[in-house]
Amino acid sequence: MDPLSFSALSFLWFAGLFAGFVDAIAGGGGIISLPALLATGMPPHLALGTNKLQGSFGSMTAAVNYARKGLIDLREIPAGVIFTALGALSGTLTVQVISPDFLRHVILFLLAGVFVYTLLSPDLGRLDRRPSMAAPAFFGCAGLVLGFYDGFFGPGTGSFWTIALVVLLGLNLKKATAHTKIFNFTSNVVALVAFFAGHQVVVSAGLLMGAGQMLGAFAGSRLVIQKGTGFVRVFFLVVVAATLIKLAHAAYAAQAAGY
């Protein structure tokens, strides 16, 4: 594709900044960054690969900041990282031979369920509680399933990780948000390798957005560290609602176009 103009590059930097900020707090940065890349005229396959590159910078920055503040239990996450990587690799390979279109309507219902459940549970994730699933089993199952989903389709992955960590592993919302960034980073990197192999990454745009992502992610993660779980809950609900609206609009547009 043709080189991007200075105004387009500036737009992408600011989009990366905002996406990194939002993603560090409640996930869902992709609903900002991917449309921004497409808005520059970038073909979809290049936009998807470039989105993984820039998103990796944000998730890494947020994860490091959360870990430094003690919100991540580094003893328990290796199994989650391994299974997430395996799941993401499987999903990335599968999406090359099977269209993910059939997931669009299913994901709408699942995200709607997450939104309603969180909205009607005001104390959800306020405090740590006893886990309802052993950590090794949880990370094995969640890593494979959500890693596969992120590699195969992607939207809402952070929301699913966060709610699973709260409901099944008993983490409060701040800790769940922090751990989510580790697994987001893992699946981003695995998918990114596949996109690089297929020459589907615009490196200059990805690095520029990545710089914005790092700054936004640092600011967003600091805000989570300073604020209580109530703030995270409200932000989480807003992001899930925005993701639902975006996916619903995309599904309606596809149906109207006869796809």
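**Notes on the predicted model**

1. Helix α5 has 17 residues, which at 1.5 Å a residue should span 24 Å, and the 24 Å between its end C-alpha atoms agrees with this; the expected span is taken as 1.5 Å times one less than the number of residues. Its buried residues are Leu103, Ile107, Leu108, Leu111, Val114 and Thr118, and because they cover an arc of only 135° around the axis, they lie on the same side of α5. The arc is that of the directions from the helix axis to the C-beta atoms.

2. Residues are numbered from 1 along each chain as its sequence is written, and side-chain values use heavy atoms, with hydrogens and water left out. Helices are DSSP runs (H or I, at least four residues), numbered from the N terminus. Buried means under 20% relative accessible area, exposed means over 50%, and partly exposed lies in between (1.4 Å probe, protein chains only).

3. The largest pocket has a volume of about 1,300 Å³ and is lined by 47 residues, of which Leu34, Leu48, Phe153, Gly154 and Pro155 lie nearest its centre. A pocket here is an open set of points on a 1 Å grid over the protein atoms alone, where a 1.4 Å probe fits and there is protein on both sides within 12 Å along at least five of seven lines; lining residues have an atom within 4 Å of a point. At least two lining residues come from each of several helices, including α1 (6-26), α2 (30-39), α3 (44-68) and α10 (229-256). The lining divides into 19 nonpolar, 22 polar and six charged residues, with Asp, Glu, Lys and Arg counted as charged and Gly among the polar.

4. The second largest pocket holds about 220 Å³ of space, and its lining is made up of eleven nonpolar residues, with no polar and no charged ones. Among the lining residues are Phe102, Leu103, Ile107, Leu110, Val145, Phe148, Tyr149 and Phe160. Helices α5 and α6 each supply at least two residues, and α6 gives the most, with five.

5. Leu110, in helix α5, is partly exposed at 45% relative accessibility. Its C-alpha atom is separated by 14 Å from that of Leu237, which is 127 residues away along the chain.

6. The structure holds ten aromatic pairs, where rings of Phe, Tyr and Trp (its six-membered ring) pair if their centres lie within 6.5 Å, and planes under 30 degrees apart count as stacked, over 60 as edge-to-face and the rest as tilted. Trp13 and Phe14 form an edge-to-face pair, 5.0 Å centre to centre with 85° between the planes; Trp13 is partly exposed at 25% relative accessible area, while Phe14 counts as exposed at 53%. Phe139 and Phe183 form a tilted pair, 5.6 Å centre to centre with 50° between the planes, and this pair links distant parts of the chain, since Phe139 is in helix α6 and Phe183 in helix α8, 44 residues apart.

7. Which residue other than glycine has a positive phi near 55°? That residue is His199, in the loop between α8 and α9 (203-226), and at 71% relative accessibility His199 counts as exposed.

8. Helix α9 has 24 residues, which at 1.5 Å a residue should span 34 Å, and its end C-alpha atoms are 34 Å apart, in agreement. Its buried residues include Gly206, Gly210, Gly212, Gly216 and Gly220. Met214, also in α9, is partly exposed at 33% relative accessibility, and its C-alpha lies 26 Å from that of Leu244, 30 residues apart in sequence.

9. Gly49 is found in helix α3 and counts as buried, at 0% relative accessibility. Gly49 and Phe18 are 31 residues apart in sequence and 19 Å apart in space, C-alpha to C-alpha.

Key. This is a predicted model: local features need pLDDT of at least 70, side-chain atom pairs count only at pLDDT 80 or more; totals for chains, interfaces and linings use all residues. Grid points are joined across faces, edges and corners, and a volume is the space filled by probe spheres set on the points.
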